[in-house]
Amino acid sequence: MSTAANTAPGPSAGTAVHSDVVIVGAGIVGLAHAYEAVRRGLSVTVVERDWEPVGASIRNFGHCCITAQHGELLDIAYRSRAGWLRAAESTGMWAREAGAYVVARSVTELAVLEELCAERGDDAVRMRTAGQIRKTLGAPAGHGGIVGGAFLPDDLRVNPRTAAPALAEWLSEQSLARVLWGTSVIGVEAGIVHTTRGPVRGDRILVCVGHDLDRLFPEAAEDHGIRRCRLNMARVVAPGGFRTDAAVLTGTSMLRYDGFTAQPSAIPLRDETEAHSKELMDIGANVMLTRLPDGSLIVGDSHHYGTTAPPFLDERVSTLLIESIAGLLGVERLDVVERWQGVYASSARGPLLVRDLAPGVRALSVTSGIGMTLSFGLAAATFDESLRSTI
């Protein structure tokens with residue numbers, strides 16, 4: 001889906017524009033804020049340097065990982081869930097209340113899931129037998145190594161290839177919204193976004209550019225310790241028996257989400273995983289998969305951190321991930337259709353950056369790899385004035 005043809009600005013598109021809200025960045029966080037602004041009757045202009053969404057918002061699994069969040073982020077995630085479903089109804093984008101399966105392949109992994117179930121209740125975490133998990137994966141009856149699992153019904157699935165473009169296209173059709181594609185921002189101050197097409201004026205400015213915050217406000221990015229996290233990802237042909245639209249997570253996933261790591265058995269799980277899967281731990285693996293509407297599977301992923309993102313993909317890392325997914329599904333090999341590098345903002349100092357940069361100017365970045373999960377919840381909190389600046 002291409003959105004640029006519907007909203008391409010003319011040479012002086014910025015000069016006469018004034019909106020209640022100006023949003024820098026047409027990734028999912030920026031677009032969710034634009035959607036929420038329009039829903040509340042506010043005029044909004046989105047300024048985006050590219051001609052369609054091409055960043056982190058289309059390079060991910062399309063998994064809104066609700067249940068595995070913890071504390072304040074869990075509340076934001078559930079609010080985001082409602083926002084995603086509302087936006088899907090408005091725009092017609094593909095979204096499913098498909099949930100997620102977490103596969104346990106050791107008694108320690110199963111213990112983490114049982115502890116989460118005890119904390120959240122049977123409605124939020126539904127335990128599954130090994131046979132039920134094998135059937136869900138379409139794995140052969142004799143496929144060993146699976147001891148059970150859990151189903152998380154509140155998790156959502158969206159199509160990452162089309163969700164942000166569909167949202168941008170919907171915005172372009174609203175009388176209160178305007179999307180300026182191919183328009184680079186060269187500076188931001190109170191009330192004005194300076195662009196390569198002239199000034200864009202607004203009462204409130206939201207800078208939602210993820211890891212590229214250092215291009216506009218390097219000191220704010222450095223203060224929060226923002227780095228770029230690079231991911232090896234791929235799309236493969238699904239084995240014949242695989243059918244579910246639910247996301248599929250594994251023990252490595254349990255080590256990456258706070259809802260799992262808050263459980264008592266998470267510490268022995270980390271030690272256990274280090275012992276039997278050191279190669280996966282060394283690449284920061286989250287072995288998981290999701291199915292696209294065309295039936296193919298998105299699989300991955302690895303995590304590598306730095307201030308910049310070299311473009312090169314290590315084939316050894318990709319092979320290790322593909323082999324791990326094949327082993328999970330009980331097949332000898334998987335046919336790869338595409339490979340790509342995901343990039344998102346990451347910080348060891350906290351999962352969110354919410355920073356007031358000037359009167360009426362706020363930067364918002366999800367710095368923990370869960371931008372799709374939190375996007376609509378963050379937008380609602382922003383306009384409710386319930387998000388505090390992290391300065």
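On a 1 Å grid over the protein atoms alone, a pocket is an open set of points where a 1.4 Å probe fits, with protein on both sides within 12 Å along at least five of seven lines; lining residues have an atom within 4 Å of a point. A volume is the space filled by probe spheres set on the points, which are joined across faces, edges and corners.

This tour concerns a predicted model, in which local features need pLDDT of at least 70, side-chain atom pairs count only at pLDDT 80 or more, and totals for chains, interfaces and linings use all residues. Residues are numbered from 1 along each chain as its sequence is written, and side-chain values use heavy atoms, with hydrogens and water left out.

**First stop: a pocket**

Select Arg 105, Ser 106, Glu 109, Thr 250, Gly 251, Thr 252, Thr 273, His 276, Ser 277, Leu 280, Val 287 and Ser 324, which line the second largest pocket. Two or more of the lining residues come from each of α9 (251-254) and α11 (266-276); helices (H or I, at least four residues) and strands (E, at least two) are DSSP runs, numbered from the N terminus. The volume of the second largest pocket is about 190 Å³. Its lining has two nonpolar, eight polar and two charged residues. Here Ala, Val, Leu, Ile, Met, Phe, Trp, Tyr, Cys and Pro count as nonpolar, Asp, Glu, Lys and Arg as charged, and the others, Gly among them, as polar.

**Second stop: strand β7**

Next, select residues 148-152, strand β7, where five of five residues are buried (under 20% relative accessible area, 1.4 Å probe, protein chains only). In a regular strand the side chains alternate between the two faces of the sheet. In β7, Gly 148, Ala 150 and Leu 152 point one way, while Gly 149 and Phe 151 point the other way.

Two strands pair if DSSP finds at least two bridges between them.

Move to residues 198-207, strand β12, in which seven of the 10 residues are buried. Which strand forms a hairpin with β12? Strand β11 does, with two residues between them. Select His 194 to find the residue that stands opposite Pro 199. Parallel to β12 runs β1 (residues 18-24), joined by six bridges, and Val 24 has Val 207 as its bridge partner. Strand β20 (residues 361-366) is also parallel to β12, through three bridges; there Arg 362 partners Leu 206.

Notes:
Buried < 20%, exposed > 50% of the residue type's maximum accessible area, 1.4 Å probe, protein only.
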